[in-house]
Amino acid sequence: MTSPSTNGTAIEGIMDVFSSYVFSGMPTHLIYVPDMRLVDRNEVFNMYKPVVEAITEDDLKTFSGSWSREENLHKVLRDKVKFATLSHRWFDTREPTFQDMSESQKDMSKSLAGYHKLAKFCAKAREYGCQLAWSDTCCINKDSSAELDEAIQAMFKWYRSAAICIAYLACSSSVSDFAQEPWFTRGWTLPELLAPEKMKFYGRNWEPLSDDLDDKHPKVLATTPDNEKSSLITSPQPDILTAITRLTEIGSHDLTSFSPGIFRVHQRLRWASRRTTTRVEDMAYSLIGIFDVSMPIAYGDGQRSWFRLMEIILQQCKSWDIFAWAGERCPYSCAIPRSPKGYDAYDVHSFIELSKALDMGKVERRVGETPSGLRGDHAFAMTRHGLQMKIPLLYVVFDSSNQVATIHARTPGYLGRSKPRNLPVRVVCHERVPKAELYCLGIVNYSPNGLARRNHEYEIREGPLLCFFFALDPRNRSWLRLQTENVIIIDYKGTPVRCGCSFETVYFGRLYGS
């Protein structure tokens with residue numbers, strides 16, 4: 001550890017910033033690598049206090065840029081008080097726990113299968129100049145609900161603050177093994193992939209999967225045409241990032257500069273759709289940092305945790321593409337899929353075309369901004385009756401045997417020149433379709449310009465249009481949304497047609513007393 005420097009002038013107030021960094025920005029417990037023992041925040045503060053007191057204005061100048069002085073102080077502190085994080089898949093055999101790493105149990109913990117992995121991780125952390133390291137196996141006291149709650153809420157922030165994230169892909173020897181690598185199928189490794197600013201991937205037997213120090217910002221050896229000089233340049237298409245993008249559909253910009261928040265919601269939920277977690281609740285909790293939200297942590301909540309997360313997102317999201325899902329609905333609301341897997345029902349290439357056709361760029365805004373020219377009802381809201389949304393309902397004839405809903409439309413014209421036109425729409429139902437007086441397709445991303453004749457007709461000019469399938473419940477004369485196995489799309493191109501509609505406010509009710 002560096003000794004205090006006598007050069008330059010000590011920075012006034014830096015201890016306040018240091019205190020805030022340690023007690024609000026660093027994990028509750030860390031591994032002190034030289035001794036392989038756990039330390040808490042107080043120990044970290046006292047351990048690094050002399051180092052921080054020795055920071056001078058000269059040190060600060062090395063981080064000068066377009067940032068504020070406080071941001072510069074944070075950058076200096078992150079450089080002086082560095083810690084590494086581990087991203088991995090838990091072994092089926094026992095990993096060392098918080099209790100195992102206590103002084104009385106530490107010798108016994110060395111016999112655990114996961115201890116060797118922990119020791120290798122700490123050795124790699126030390127190579128990156130980190131005397132502190134964090135692993136989710138042993139650095140969280142899971143007997144303390146308060147500490148567990150804080151860890152889950154702050155985990156994304158901790159991975160982002162780390163000097164380096166070391167990812168251990170135990171089943172891979174090269175990027176060609178990524179398609180069979182379990183690390184890419186786990187729920188918690190998604191935020192662990194997106195959050196870190198710097199990341200290093202190791203494969204089987206802790207062999208590095210590249211020659212780069214930072215796989216998020218790799219360097220490649222470029223040779224000049226005369227073959228006499230070589231230089232290091234940043235590669236726009238590094239092997240590891242390219243392989244990850246092909247496998248996960250996560251673009252290179254998000255892999256290197258991910259910005260958390262409630263926007264591009266459908267895309268982010270699709271990233272999660274092919275991942276699994278051991279605990280049902282973790283499917284929701286692993287997404288907290290990605291969407292930058294806060295919610296109570298309650299193991300035992302089961303499926304309700306996913307419902308609570310989606311309620312929070314729906315309250316702030318104003319983009320209709322969040323409804324482009326299919327399959328089983330959540331037990332507590334027919335507006336929400338049972339899990340992120342519902343967002344895997346729509347082919348990504350089709351979704352890209354859908355986004356382009358409807359100018360989805362208009363909805364790429366932050367929370368609190370009102371998009372202009374947005375299709376659909378961007379004032380939809382969660383209420384005590386469920387999701388409330390105003391949409392045009394197009395009357396259809398449903399053929400359950402062929403799984404087709406037919407819209408009886410006509411081409412606009414005068415003096416009897418109007419011509420009938422039938423538009424078949426594929427509707428694959430997940431459940432038995434009840435007999436009903438009326439069936440309708442509700443257009444989620446409708447254009448206000450398409451409404452005509454005092455909202456009793458809708459003019460379909462071109463697709464694709466995202467739809468819900470409804471049946472009129474004869475018991476209470478209300479519209480019931482039906483589950484479908486496909487995302488319903490009216491992909492129409494041709495002469496505009498008009499069809500009868502009812503422009504109504506629909507409630508996607510809560511179910512089962514939620």
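How much accessible surface does the protein have, and what share of that surface belongs to carbon and sulfur atoms? The accessible surface comes to about 24400 Å², of which 49% belongs to carbon and sulfur atoms, as computed by the Shrake-Rupley method with a 1.4 Å probe.

This is a predicted model, in which local features need pLDDT of at least 70 and side-chain atom pairs count only at pLDDT 80 or more, while totals for chains, interfaces and linings use all residues. Residues are numbered from 1 along each chain as its sequence is written, and side-chain values use heavy atoms, with hydrogens and water left out.

**View 1. The aromatic pair of Phe-398 and Tyr-439.** Rings of Phe, Tyr and Trp (its six-membered ring) pair if their centres lie within 6.5 Å, with planes under 30 degrees apart counted as stacked, over 60 as edge-to-face and the rest as tilted; by this rule there are 22 aromatic pairs. The ring centres of Phe-398 and Tyr-439 are 5.8 Å apart and their planes stand at 55°, so the pair is tilted. Because Phe-398 lies in strand β12 (residues 386–399) and Tyr-439 in strand β15 (residues 439–443), the pair ties together parts that are 41 residues apart in sequence; strands are DSSP runs (E, at least two residues), numbered from the N terminus. Both residues are buried, that is, under 20% relative accessible area with a 1.4 Å probe, protein chains only.

**View 2. A cluster of Phe rings.** Ring pairs join Phe-323, Phe-380, Phe-468, Phe-470 and Phe-508 into a cluster.

**View 3. Arg-304 over the face of Tyr-332.** Arg-304 lies 4.4 Å from the ring centre of Tyr-332, where a charge sits over a ring if NZ of Lys or CZ of Arg is within 6 Å of the ring centre and within 35 degrees of the ring normal.

Conventions. Helices (H or I, at least four residues) and strands (E, at least two) are DSSP runs, numbered from the N terminus. Buried means under 20% relative accessible area, exposed over 50%, partly exposed in between (1.4 Å probe, protein chains only).
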